[in-house]
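Colleague: I want to understand the words used for this fold. Could you take me through them?

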Amino acid sequence: MKITPVLKRRLEKAAREAAKKSYSPYSMFPVGVAILMESGKVFTGTNVENASYGLCNCAERTAIFSAVAAGERVLSCVVVYTPTREPTSPCGACRQVINEFGPKIPVISVCDGEERIETTLDVLLPKAFGPHNLAQGLF
Ligand SMILES: O=c1ccn([C@H]2C[C@H](O)[C@@H](CO)O2)c(=O)[nH]1
Ligand SMILES: [Zn+2]
């Protein structure tokens, strides 16, 4: 799915909106994500924290899991928004989950400042472990 400038702006807006739903009373670090699927559908997610800190779920994974739960499998683009001066890249766990459904896709991070990061998942997670590793058998 081609990411046009119009589509990019739509995803950024959706990511900013999604951050407003963040449940992050412990970190006070709200994150909003919008993802575009190959089907053209857009899903959003936000981070959901827990009093048992280790159970906190990132915005990226919330969005991807809800897309998969809706029957979607192929990611085309991930946009992350944080209300910070500098953009935030997805954490390692989320990079791994993005890899499962979109190994080379654009990953865009935006914030309240001018700076933005526009990169791709294979740059963020080089030589990734993925489905192909399991498919080749043990020997
Ligand atoms: O890319 C990121 C980085 C962090 N978080 C969340 C996890 C936790 O709730 C809070 C602080 O790490 O931000 C995300 O949702 N996405
Ligand atoms: Zn994460």
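Modeller: Gladly. Start with one helix pair. The crossing of H2 and H3 is left-handed. Keep in mind that this is a predicted model.

Colleague: What makes a crossing left-handed?

Modeller: The near helix must be turned anticlockwise from the far one by less than a right angle. H2 and H3 pack at an angle of about 25 degrees, and their crossing is left-handed.

Colleague: Why are H2 and H3 called roughly parallel to each other?

Modeller: Angles under 35 degrees count as roughly parallel. Helix H2, residues 59-69, and helix H3, residues 92-101, pack at about 25 degrees. Therefore H2 and H3 are roughly parallel to each other. Their axes are 9 Å apart.

Colleague: Which residues in H2 and H3 meet?

Modeller: From H2 come Glu60, Arg61 and Ile64. From H3 come Cys94, Val97, Ile98 and Phe101. By class, this contact has five nonpolar residues, two charged and no polar ones.

Colleague: How do you know that the radius of gyration agrees with a compact globule?

Modeller: Set the value against the rule. With 139 residues, a compact globule would have a radius near 14 Å; the protein has 15 Å, so the two agree. The C-alpha atoms fill a box of roughly 50 × 40 × 30 Å along the principal axes.

Colleague: What makes a residue count as buried, and what percentage of the protein does?

Modeller: A buried residue has 20 or more other C-beta atoms within 10 Å of its own. Of the 139 residues, 34% count as buried.

Colleague: How many helices and strands are there?

Modeller: Five helices and five strands. From the N terminus, the order is α-β-β-α-β-α-β-β-α-α.

Notes. Residues numbered from 1 in each chain as written. Chains lettered and ligands numbered in written order. Predicted model: local features only at pLDDT ≥ 70, side-chain atom pairs only at ≥ 80, totals over all residues. Helix = DSSP H or I, 4+ residues; strand = E, 2+ residues; numbered from the N terminus. Rg over C-alpha atoms; globule rule 2.2 N^0.38 Å. Buried ≥ 20, exposed ≤ 12 C-beta atoms within 10 Å, placed from the backbone. Axes fitted to C-alpha atoms, helices over the stretch in contact; angles between N-to-C directions. Parallel < 35°, antiparallel > 145°, perpendicular 65-115°, else oblique. Contact = placed C-beta atoms within 7 Å. Nonpolar A, V, L, I, M, F, W, Y, C, P; charged D, E, K, R; others polar.
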